[in-house]
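Welcome! Open your viewer, get the selection tool ready, and we will walk through a few stops together.

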Amino acid sequence: MDTRILRYFLVVAETNNITQAAQRLHLTQPTLSRQIQELERLVGRPLFDRNNHHLQLNAAGLLFRERAQVILDLLDHAQKEIQTSSDQLVGTINLGLVESAVTPRLMSQIDQFQAQHPGVKFALFAGDGDSLRTRLDQGQDDFAALIEPVETAKYHFFRLPVTEEWGVLMRQDDPLAQQDSITSAQLASLPLIMGRRSIVRDNVAEALSLSSNRLNVKITTNLPGSLSTLLLTGNYYHLGIRGVAEQIHDARLTFVPLSPRTTSAHLLVWKKQRSLAPAARAFLHFLTNITSK
C-alpha cells in the first residue's frame with residue numbers, strides 16, 4: 001500500500017468532503033475519489049458512510065484512521081532516526097510523561113542534554129499511564145516516565161529519584177481541609193474523582209489497608225487539568241498525587257495528605273526487544289549517569 005493513500009485518507013477524514021480534500025491536496029476530485037475507493041478495496045470494506053458529497057467515517061474508518069496515523073508517525077520517526085551527521089548526534093527522541101513531580105526534573109535534564117547535543121530534538125507527550133504504555137507498545141514513543149505500579153514484564157526500566165505523595169484535593173473551605181491528614185475511614189466516605197488506572201487505585205487502597213471496592217469512585221479521568229470545576233462544587237474530592245495539585249495551582253483548593261503516609265516512585269521505561277536509535281541511547285546513558293550520582 002502506497003503511504004500517499006494513507007495521507008490522502010487522513011485529509012478526507014479530517015474534512016469529510018472530497019472536494020475540499022482534493023483542493024487541499026492539489027488533486028482533481030475524480031482522482032481523489034478513485035484513490036479512496038482503491039484504499040477501501042485494499043482493506044476490504046467501506047471506511048466512510050456517504051451522503052451526497054458529505055463523507056463520515058464509519059466504525060471501520062475510525063479504527064483505520066487511528067492505525068494509519070500510527071503508521072505514518074512511525075515512518076516519519078524512522079526517517080528522522082536514520083539521519084546521520086559526521087560531527088554531532090542528531091535525531092528526535094519521543095518521550096511520554098505523566099503529569100507529576102517528575103516533569104520539571106526531566107525538563108531540566110532535557111535542557112542539559114540538548115546543551116551537549118544541540119542536534120537532538122525532543123517530542124513530548126503528556127498523558128496517563130495507560131495512554132503512555134499504549135504509545136510505547138505501538139512504537140510511537142522511545143521512553144515513558146510513569147508512576148508505579150507499572151507492569152514491567154515487557155519493559156526495561158530504571159527508577160527515577162522522584163517520589164510523589166498521595167492525598168486528597170478539595171475545596172479550601174471544606175472542613176476536612178483543616179486537618180493534617182485524611183484517614184482511611186474518612187476516605188471511604190468521600191465521593192471521589194480518580195485516575196482511570198485500576199492498578200493504581202488497588203495499590204493505594206492496599207497501602208491504606210482498605211479494600212478498593214470500598215472507595216466511592218464517582219468519576220475516573222485522565223485529564224487532571226480539568227478537575228477544578230468539579231472540585232469547586234464541593235461535591236467531589238480528588239484522590240491523587242501532590243503533583244497534580246501543584247500543576248492545577250488553584251488557591252481555592254487544598255491538598256491534604258493521606259494517613260498513613262502513602263507515596264509512589266517513578267520509573268523510566270522502554271520497550272524490550274526494541275532497538276533504540278543513537279540519540280535515544282545517548283539520552284538513556286545521560287539519565288542513568290545523572291541518576292547514579
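In which loop is the place of Ser209? Select Ser209 and you will find the loop between α8 (198-207) and β9 (216-221). Before going on, know that this is a predicted model, where local features need pLDDT of at least 70, side-chain atom pairs count only at pLDDT 80 or more, and totals for chains, interfaces and linings use all residues. Residues are numbered from 1 along each chain as its sequence is written, and side-chain values use heavy atoms, with hydrogens and water left out.

Ser209 is not a glycine, yet its phi is positive, about 55 degrees. Ser209 counts as exposed because its relative accessibility is 70% (exposed means over 50% relative accessible area, with a 1.4 Å probe and protein chains only).

Next, select His249, in the loop between α10 (242-248) and β11. His249 also has a positive phi, near 50 degrees, and counts as exposed at 71% relative accessibility.

Now for the cis peptide bonds. Go to Pro149, in the loop between β5 (143-147) and β6 (155-171): the bond from Glu148 to Pro149 is cis, with omega near 5 degrees. Then try Pro260, between β11 (253-259) and β12 (263-271); the bond from Ser259 to Pro260 is cis, with omega near 5 degrees.

Finally, show helix α2 (residues 18-25) with α3: their axes are 9 Å apart, at an angle of about 105 degrees (axes are lines fitted to C-alpha atoms over the stretch in contact, and angles run from 0 to 180 degrees between N-to-C directions; helices are DSSP runs of H or I, at least four residues, and strands runs of E, at least two, numbered from the N terminus). The two are therefore roughly perpendicular (65 to 115 degrees).

Technical notes. Parallel < 35°, antiparallel > 145°, perpendicular 65-115°, else oblique. Buried < 20%, exposed > 50% of the residue type's maximum accessible area, 1.4 Å probe, protein only.
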